[in-house]
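Subject: Handing over the structure

Hi,

Here is the structure I promised to pass on. Have a look at it first, and then read on for my notes.

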2 protein chains.
Amino acid sequence: MDLIDRILHGDPRAAARLITMVENGTAEAVAALKAIYPHTGRGYVIGITGPPGSGKSTLTDRITAELRQLGKTVGIIAVDPTSPFTGGAILGDRIRMQRHSLDDGVFIRSMATRGHLGGLSRSTNDVVDVLDAMGKEYILIETVGVGQAEIEIVRTAHTTIVVAVPGLGDEIQVIKAGIMEIGDVFVVNKADRDGADRTVLEIEMMLEHGESDDGWRPKIFKTVAARGEGIDALTQGILGHREFLFEEEGHRRKGRERTRWVFRGLLQERLTARALERMARGGGLDPLVDRIAARETDPYTAVEEVLKKLGL
Amino acid sequence: MDLIDRILHGDPRAAARLITMVENGTAEAVAALKAIYPHTGRGYVIGITGPPGSGKSTLTDRITAELRQLGKTVGIIAVDPTSPFTGGAILGDRIRMQRHSLDDGVFIRSMATRGHLGGLSRSTNDVVDVLDAMGKEYILIETVGVGQAEIEIVRTAHTTIVVAVPGLGDEIQVIKAGIMEIGDVFVVNKADRDGADRTVLEIEMMLEHGESDDGWRPKIFKTVAARGEGIDALTQGILGHREFLFEEEGHRRKGRERTRWVFRGLLQERLTARALERMARGGGLDPLVDRIAARETDPYTAVEEVLKKLGL
């Protein structure tokens, strides 16, 4: 049986192999992604974001256990920025997930930042497609960083979960990361700490000022993920949002938004790669960078020159 | 006197006007950026990043005050993700900066996330050029989010400052954001809290495992920014790194890296914009997105079709 068939039959080793190919950016990876694409679109994508230290990994682990209890299969993508320093720390976090590693119904993969800006978003999405094609019913994307790129990754999910914690500094930390408006479901984790109710109240107050496009009123849940408290209610909240979306075909709209975002990102990446290939024949980027750095030209004029040479 | 001349003479109102034009993406903005570009390259760029709640705004404010005492002019760019919910909260933070608002030697501007991924990086860089052209000797870029995009913004600075705080969760938060390797200077802020020395030690241990490209050994400073403690030593540390860079022309190397990064980002943005313009004539993105969403084609094949049509 070839790689594609094995993935479509849910073989985790085949899936892992394709994901490695995707990360290495091979031509075979693209061919395989094309082949599996017709078999995607069934998985329900859940994005989880929040500030560092809010317990996203533990929450992801607990939600996974709950979904498994309900008989659902789960794929998990942990989006980690690469760092030569961080291997150990992130590994430590992931160890908690190990209890799912013997469970065929769960597939876990960490994604690291590679290369230039935007590359991570694109490859994360390819991995969503792989997990989707292998039949995972729920696909959880957990981001470690809280920034523009990570927000764009999770906001294209069907359900986006924003995690906050009480007393992280003097302000609500999630606000500062600008992620309040992307949440369908809010979690105040570590809710046994002082100030949990205040954090809930603050989120409620902020939600009152916002409007949802589709009439969904975001829900707020308190959890103590480390002890598994509040996870059942949270999971029901997620499933409630899913039901809401399906009732009015909202999952199709969200899927379409995701498609548009993926397509646009891929177009951007491929255009740049193609342009750089063309430029490589004429000495590459260096001569232009030298001229800009010497202030003989400026970035805008230089880019216009390149576009002209490319006939665009 | 026209806009360009006024900016080159340091007029803050002219600079603010050009920045607004940049944010709105007008053609006049591009013309003006081209005109000021030959007058850039003198400012020293300092990037400040760290997890939410680490006190970056207060640190930026204090470093600014210290640099002013040393007779230096300062430009500040606060990179905030846009959120309909956050206006007030971010404003609150910025209010602390107000004490510089009557000082001609300081220019402050907040940048918000607009449009698609990467747009913020590019416009932030344009604002660096504006502040540079108006003669600001030190340009401080403070990011609110901690993610891939934000890391790329600050890592192209001459000096990158990574801010940590004791006891933010059970681990060192900065590790999780994957930002340890980009720091030239580390700050353990709120160092009056328990565990400050442990945080310093943990950063030291991690630094031992890393290597610097240029022989710089990152320095760690303890501060209590809210009370102004440790700011003089920190500022001297920043100036020390600056001296180190200048001694071996490292500032030119860093400037060149920045130029390359800016050029590449601008190329990517303009290529995509041009391609979308061309596609708009043929019905735009929608028909393709529909076909992909219906699984009649896949994103990779669709992008190849577009590239072919564009003659690339």
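Below is what I found in it, topic by topic.

A word on conventions: residues are numbered from 1 along each chain as its sequence is written, while chains are lettered from A and ligands numbered from 1 in the order in which they are written. This is a predicted model, where local features need pLDDT of at least 70, side-chain atom pairs count only at pLDDT 80 or more, and totals for chains, interfaces and linings use all residues; side-chain values use heavy atoms, with hydrogens and water left out.

Let's start with a strand. Helices (H or I, at least four residues) and strands (E, at least two) are DSSP runs numbered from the N terminus. Strand S1 (residues 44–49) of chain A has 6 of its 6 residues buried; buried means under 20% relative accessible area, exposed over 50% and partly exposed in between, using a 1.4 Å probe and protein chains only. Tyr44(A), Ile46(A) and Ile48(A) cover one side of S1(A), with Val45(A), Gly47(A) and Thr49(A) on the other.

What does S1(A) pair with? Two strands pair if DSSP finds at least two bridges between them. S1(A) runs parallel to strand S4 (residues 138–143) of chain A, with 5 bridges, and parallel to strand S5 (residues 159–164) of chain A, with 4 bridges. Ile46(A) takes part in both: Leu140(A) stands opposite in S4(A), and Thr159(A) is the bridge partner in S5(A).

Now the aromatic rings. Rings of Phe, Tyr and Trp (its six-membered ring) pair if their centres lie within 6.5 Å; planes under 30 degrees apart count as stacked, over 60 as edge-to-face and the rest as tilted. That gives 6 aromatic pairs over all chains. One of them is the tilted pair of Trp216(B) and Phe244(B), at 5.1 Å centre to centre with 55° between the planes. Trp216(B) is in the loop between helix H9 (196–209) and strand S7 (219–222) of chain B, and Phe244(B) is in helix H10 (residues 231–247) of chain B, so this pair ties together parts 28 residues apart in sequence. Both Trp216(B) and Phe244(B) are buried.

Over in chain A, ring pairs join Tyr44(A), Tyr138(A) and Phe246(A) into a cluster. The charged end of Arg242(A) sits over the ring of Tyr44(A), 5.2 Å from its centre; the rule here is NZ of Lys or CZ of Arg within 6 Å of the ring centre and within 35 degrees of the ring normal. In chain B, Arg242(B) has its charged end over the ring of Tyr44(B), 5.2 Å from the centre.

Two backbone angles are worth a look. Lys190(A), not a glycine, has a positive phi near 55°, and belongs to the loop between strand S6 (185–188) and helix H9 (196–209) of chain A. Arg295(B) isn't a glycine either, with a positive phi of about 65°.

Finally, which residues of chain B does Lys34(A) touch? Leaving aside neighbours within four places in sequence, Lys34(A) is in contact (heavy atoms within 4.5 Å) with Asp298(B), Tyr300(B), Thr301(B) and Glu304(B). Lys34(A) is in helix H3 (residues 27–36) of chain A. Leu276(A), in helix H11 (residues 250–281) of chain A, has contacts that include Arg264(B) and Leu267(B).

Cheers
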